[in-house]
Amino acid sequence: MQTLKFVLDGAAGEGIISGEQAGALLPYMEARGVGLNVPARADALDIGGPAEDRAIAPVEDTEAPRFIRGFHDVLITIGVAIVMAGVWGIGAFLLALPAIIILAEILVKRQRLALPAVLLTALYVHWILTTSLLIQDEATGQQDAIVGFLLTVAPLCGLLPPFYWRYRIPLSLSLWYLSLAALALGIVFLVLGRMLGSTDLFTEHSTLCAGILLVTALALFAVAMRYDLSDRFRVTRRSDIAFWLHLVTAPALLYSTLSFVFLGDFANNTLFSSGKGLPDALVIVAIVIVLMGIGLAIDRRAFVTSGLLSLGLATASLLQRATAAPETYIFLSLLIVGIVVLTIGIGWPHFRRWVLTPLPLALKEKLPPLR
């Protein structure tokens with residue numbers, strides 16, 4: 001009765017009942033056959049189906065994406081990887097797409113296997129991008145970098161929706177949102193470059209570009225949160241869609257914010273140089289901490305992992321300023337970042353409680369409950 005336990009723990013976390021009452025209610029209700037109305041159909045654990053709000057699998061960890069339902073998924077995924085490697089290896093480029101579709105029909109549409117669905121989605125996207133690049137090489141030759149980017153991304157916007165409509169794979173819908181955002185960015189930068197007569201927009205108008213990147217990252221975050229907030233208990237496919245979106249929006253928010261703060265430093269490759277002092281490193285640490293706080297509030301660990309590289313580089317920069325030897329500050333930085341990761345990972349429920357406690361009740365009722 002993991003679902004019932006999850007709900008009772010959530011009620012205790014919100015102060016509706018005490019933890020002791022939740023612990024006492026669980027065996028009492030179980031003994032009387034009380035449970036939640038979770039679909040008992042064979043497709044209740046499907047990754048696919050006609051509706052995003054169909055229950056997939058009640059889980060104890062609300063951020064557990066539905067990748068694997070058993071070693072059978074792993075074995076089939078290995079087989080898919082080997083078969084597709086053989087198809088690509090013999091140069092049967094035209095056979096790659098039919099092979100992907102046939103495997104998707106069998107493994108995703110009929111058997112509802114989650115891990116093979118992820119791999120087949122990645123292979124489908126790879127095929128689209130490869131085909132687009134080959135067509136560009138044959139048809140256009142030399143062209144503007146942004147135009148080439150648009151011609152590469154545009155097919156994803158058109159070909160991912162039917163793939164999602166047919167197989168209902170959360171990753172495919174998330175990739176479609178990302179491709180739309182990338183296409184919009186490319187169009188905006190292309191138009192601005194022509195209007196401003198700039199050949200290097202990122203260097204000559206770094207503030208403007210940083211602002212556009214930040215707005216785009218915030219828009220993607222809003223889409224991800226729309227799916228997250230619509231499935232507070234994370235038992236449907238909408239939660240998986242949000243999971244994949246957050247994997248990209250978290251680093252997008254981080255680095256778009258850093259690019260806006262440090263402006264032209266990214267273009268000049270000087271963000272983490274030895275010329276940077278204590279204030280700059282502290283700004284990076286502060287931004288990472290804020291994003292970690294957001295991740296704790298919405299119960300998404302992607303906001304923690306996305307900042308590890310920046311946190312490590314900022315820590316190394318601080319230690320380097322202290323004239324520490326390279327073999328010292330590099331490994332000391334790894335040690336510090338590792339301790340931070342373990343501390344947050346082990347104490348995640350407690351840190352979430354600290355972050356959620358001061359928030360208004362109306363907001364807490366929309367976020368995933370405490371566990």
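Modeller: First, a term we'll need: a cavity is a set of grid points where a 1.4 Å probe fits but cannot get out. Rolling a probe the size of a water molecule over the atoms shows where empty space is left. Keep in mind that this is a predicted model. With that in hand, the structure holds two cavities of 30 Å³ or more.

Let's go into the second largest cavity, which has about 40 Å³ of space. Six side-by-side names to click on here: D299, W348, P349, R352, L370 and R371 form its lining. Sorted by class, that lining has three nonpolar residues and three charged ones, with no polar residue.

Now stay with D299, one of the lining residues, as our way out of the cavity. D299 counts as buried because its relative accessibility is 0%, and the cut-off for buried is under 20%. Its side chain meets that of R301 in a salt bridge, at 3.9 Å from N to O. The limit for calling such a pair a salt bridge is 4 Å. R301 has 24% relative accessibility, so R301 counts as partly exposed.

D228 forms a salt bridge with R300, and their closest N and O atoms are 2.8 Å apart. D228 sits in helix α9 (residues 206–229), while R300 is in the loop between α11 (278–298) and α12 (302–305), so the bridge ties together parts that are 72 residues apart in sequence. Both D228 and R300 are buried.

What does the wider set of charged pairs look like? The general idea is that side chains of opposite charge can pair when their charged atoms come close. The structure holds five salt bridges. One of them joins E105 and R166, with the closest N and O atoms 2.8 Å apart. This pair also links distant parts of the chain, 61 residues apart, with E105 in helix α4 (residues 93–110) and R166 in helix α6 (residues 145–167). E105 is partly exposed because its relative accessible area is 21%, a value above the 20% limit for buried. R166 is partly exposed too, with a relative accessible area of 32%.

Helix α6 then takes us to another space, an open one. The second largest pocket has a volume of about 210 Å³, and α6, α7 and α8 (201–204) each supply at least two residues of its lining. Among the lining residues are D144, A145, I146, F189, R194 and F202. The biggest contribution is from α7, with four residues. By class, the lining of this pocket divides into six nonpolar, three polar and three charged residues.

Last stop, still on helix α7 (residues 170–196): four residues of a nonpolar surface patch come from this helix, the largest share. The patch covers about 460 Å² and is made by I187, V191, M195, L196 and L208. Look at L196, which lies in α7: its relative accessibility is 42%, so L196 counts as partly exposed.

Definitions and conventions:
Residues numbered from 1 in each chain as written. Predicted model: local features only at pLDDT ≥ 70, side-chain atom pairs only at ≥ 80, totals over all residues. Heavy atoms only, no water. Patch = residues over 30% accessible without salt bridge, like charges linked within 9 Å, V, L, I, M, F, W, Y side chains within 5 Å. Areas by Shrake-Rupley, 256 points an atom, 1.4 Å probe, with all protein chains shown as cover. Buried < 20%, exposed > 50% of the residue type's maximum accessible area, 1.4 Å probe, protein only. 1 Å grid on protein atoms, 1.4 Å probe; cavity = no way out; pocket = protein on both sides within 12 Å on 5 of 7 lines; lining within 4 Å. Points joined across faces, edges and corners; volume = space filled by probe spheres on them. Nonpolar A, V, L, I, M, F, W, Y, C, P; charged D, E, K, R; others polar.
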